[in-house]
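My notes from a first look through this one.

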Amino acid sequence: PWSGLIGNGADLDERLELVVEQLAALRPDVVALQEASLGGTRGNVAERLGRALGIEWIHAPTTSQVFGIEWLDRAITSAIRFNEGPAVLSRFPIVGSEIVALPRCANRLFPRVLMRVEVRTPHGPLDFYSTHTSRDDCQLRRVAELVGARRGPLPAIVAGDFNTRESADAYAGLLQAGFVDAFRAVNPSATGLTSRQDVYAARPTVARRIDFVFVMAGGNGVPRVLESRVVLDTPRQRPDGTALWPSDHYGVLAVIEIPTSGAD
């Protein structure tokens, strides 16, 4: 939160260049971003990435909801020149969106939201969700409730930083609610670590898998995960011999075959 006052935040501009380079090579259809910030000299990070990639973008700032008192939250975010929240980038047209506040059972000072974006695909409208939850089981239960209540013909895709390990009860609860962990569906034994990377380290420092792409079946049948792997996990070697990583989290890529009829 203080990076808006002290500068660009750990070489943010150069790291965004890396993100653009690697996303451009991957050519994903839809991307979930977490902690996408805005303010100060950085501008709107989601907009910068969207424009650089030539695709649509939408952002849901959440820092401005810390206390729930509009004038106070606005004054704080203005003073520190910082706001952040989930965002979505899409090659498909974004035709609708909704932002739902998640309960704060574990920590009242960490606002979290579930952002739903409706994108128009060649097969019809698809709900794509982006979220960044705390270590808070009630938030994940609420995510499951909200996604399950909107099941349409096409599957729903839920992506984000869940701050939850596979061993947690909350993760098991998502699977019981019908969520499919895309990475684990095709990588039954791979570690798939995504957090936390020291952006200046010479070597990988990740030790946890807490970033997931989940899929929930729609009325047309069960989607099939064709591929899933960890991405944005390569540093740039700078002229002075140091390394710079795109982010303190790696990304997760999922290639999903969407059923378009009543057959699976």
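I began with an antiparallel open sheet of four strands, ordered E2-E1-E4-E3. Strands (E) are DSSP runs of at least two residues, helices (H or I) runs of at least four, and both are numbered from the N terminus. Two strands count as paired if DSSP finds at least two bridges between them. At the edges I found strand E2 (43-44) and strand E3 (56-59), each pairing on one side only.

Before going on, I noted that this is a predicted model, where local features need pLDDT of at least 70, side-chain atom pairs count only at pLDDT 80 or more, and totals for chains, interfaces and linings use all residues. Residues are numbered from 1 along each chain as its sequence is written, and side-chain values use heavy atoms, leaving out hydrogens and water.

Next I checked how strand E1 (residues 30-39) meets E2: they run antiparallel and two bridges join them. Leu38 sits opposite Asn44 in E2.

Then I turned to the other open sheet, which has six strands in the order E5-E6-E7-E8-E10-E9 with mixed pairing. Inside it, strand E6 (residues 113-121) and strand E7 (residues 124-132) run antiparallel, joined by eight bridges. I looked up Val119 and found its bridge partner in E7 to be Leu126.

Last entry: is Arg238 buried or exposed? I found Arg238 buried, at a relative accessible area of 17% (buried is under 20%, exposed over 50%, partly exposed in between, with a 1.4 Å probe and protein chains only). Arg238 lies in the loop between strand E12 (236-237) and strand E13 (243-244). Beyond its neighbours within four places in sequence, Arg238 has contacts (heavy atoms within 4.5 Å) with Asp11, Glu14, Tyr200, Ala243 and Leu244.
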